[in-house]
Amino acid sequence: MKLQLPPSSRLLISTTAMVRNRVPKQLRRAILIYLVCICVLLATLNVDLIPPVSSSGSMLKRSAFLHRPQKLDPLGAFPKKIWQTWKMDPFSFEERTSEVAKSWTVQNPSFRYEVLTDGNDMTYVEQHYGPGGFNRMGIVDLYRSVNATIIKADLLRYLVMYAEGGVYADIDVEALRPVHRFIPERYDESEIDMVVGVEIDQPEFKEHKILGRKSQSFCQWTFMAKPRQAVMLKLIENIQIWLTSLARQQNVPIGELVVDFDEVISGTGPSAFTAAILEEMRERSRGMSVSWDDFHDLSESKVVGGILVLDVEAFAAGQGHSDSGNHEARGALVKHYYHASNWPSRHPRYSHPIYGEVESCNWNPDCVRIWDEDVQNFGLLPPEEQQKRLDEKEAQDVRSEREPGQGFNLGLEVRNLDVATVL
């Protein structure tokens with residue numbers, strides 16, 4: 001039985017035969033090869049559009065890639081972004097805060113400027129560290145659980161700088177010079193990953209029981225970094241470990257922790273910041289010894305392991321200690337007003353009931369020495385004599401409230417007291 005083709009099929013066959021007879025055999029082969037090449041090229045260009053098969057191994061590799069330092073800018077430049085954090089958005093700033101904040105955009109008109117607030121900070125953290133970002137839900141949960149304002153502020157600056165980089169400045173810091181002045185012309189920006197400045201350089205107090213941990217530190221209220229720096233992530237993870245351990249010790253949730261001034265400084269603040277940077281420098285310097293001695297009495301900037309350290313005048317001028325100079329100097333880049341730094345009232349420093357805080361000495365050696373002697377001598381007094389002094393102090397405080405300008409000074413009396421005769 002002979003198979004009958006429909007008229008349309010017979011027409012297609014006859015047309016194909018006519019084309020085959022008219023087109024030379026070699027040209028037909030060339031056209032075929034050309035079409036195959038086009039298909040291969042298209043497949044290569046669009047390979048990123050094809051979703052890979054997920055596996056635990058591939059997810060781990062992706063996570064590792066996201067968390068190692070990267071120069072995301074092809075020229076190795078710092079992101080042109082300025083970050084600040086505050087309770088409210090810029091439209092609600094008080095006049096003083098607004099004027100100081102404006103200095104950053106005035107000095108750097110080509111930079112993007114952003115303020116993270118109490119109303120949008122959680123959204124930012126979820127966006128960058130949640131499943132759609134680095135997928136570090138432990139960090140998201142940690143940030144959500146922290147209630148201490150200063151710890152949250154410290155943590156947020158590290159989270160922002162790791163995710164996006166740029167310049168971070170406290171809300172009460174004024175820009176005196178443009179950001180491009182942060183890096184002296186003799187340096188290649190592509191070879192620098194972070195810019196910090198000295199804040200406190202008083203190593204003679206490093207053994208002091210109260211001042212020691214704070215006596216050598218980099219400035220944390222202003223610094224600049226490229227994104228994905230390992231030191232930023234290390235800081236975040238160190239804070240996570242510290243808060244978890246502290247909550248276990250106090251047997252309370254992280255949101256109910258009670259921490260004093262020095263615990264904040266060493267746990268999330270300048271001391272923690274400095275320790276992490278020095279450790280990073282040592283790792284980048286392949287085991288070379290790096291300590292605060294390398295930055296003591298720093299007269300000009302220096303780079304260690306890709307981290308540029310500026311002298312104390314750059315970010316911390318006018319402190320009255322550490323040979324910090326003044327804000328009129330050419331090298332002063334910012335000015336810190338401290339009007340937003342009221343957190344110590346919620347996390348108090350150690351204050352002796354008579355002699356107050358040693359920090360009031362502002363690192364003056366003679367003042368600190370006298371304070372130490374006074375406190376030591378007071379401790380040698382018998383309990384009844386100590387109570388007598390405390391009563392006198394309380395009475396004097398009441399009189400001072402009634403008659404402003406009347407001070408109280410038992411220091412000389414206690415220092416001249418023959419403790420042996422009292423005992």
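Guide: Start with a term: a helix here is a DSSP run of H or I, at least four residues long, and helices are numbered from the N terminus. Keep in mind that this is a predicted model. The protein averages a pLDDT of 85, and 78% of the residues score at least 70.

Now the pairing itself. Side chains of opposite charge can pair when their charged atoms come close. The structure holds 18 salt bridges.

Arg389 and Glu385 both belong to helix 13 (residues 383-402). They sit four residues apart, about one turn of the helix. Their side chains form a salt bridge, with N to O at 3.2 Å. Buried means under 20% relative accessible area. Arg389 has 7%, so Arg389 is buried. Glu385 has 16%, so Glu385 counts as buried too.

Asp193 and Arg284 meet in a salt bridge at 2.9 Å, N to O. Asp193 lies in the loop between strand 4 (173-175) and strand 5 (194-201). Arg284 is in helix 10 (residues 270-284). Asp193 is buried, at 9% relative accessible area, whereas Arg284 is partly exposed, at 25%.

Last, Arg112 and Glu114. Their side chains meet at 2.8 Å, N to O, in a salt bridge. Arg112 is partly exposed, at 38%. Glu114 is partly exposed as well, at 24%. This pair also has partners: salt bridges link Lys81, Arg112, Glu114 and Glu164 in a network.

Note on methods
Residues are numbered from 1 along each chain as its sequence is written. This is a predicted model: local features need pLDDT of at least 70, side-chain atom pairs count only at pLDDT 80 or more; totals for chains, interfaces and linings use all residues. Side-chain values use heavy atoms; hydrogens and water are left out. pLDDT is the predictor's confidence in each residue, from 0 to 100. A salt bridge is a side-chain nitrogen of Lys or Arg within 4 Å of a carboxyl oxygen of Asp or Glu. Buried means under 20% relative accessible area, exposed over 50%, partly exposed in between (1.4 Å probe, protein chains only). Helices (H or I, at least four residues) and strands (E, at least two) are DSSP runs, numbered from the N terminus.
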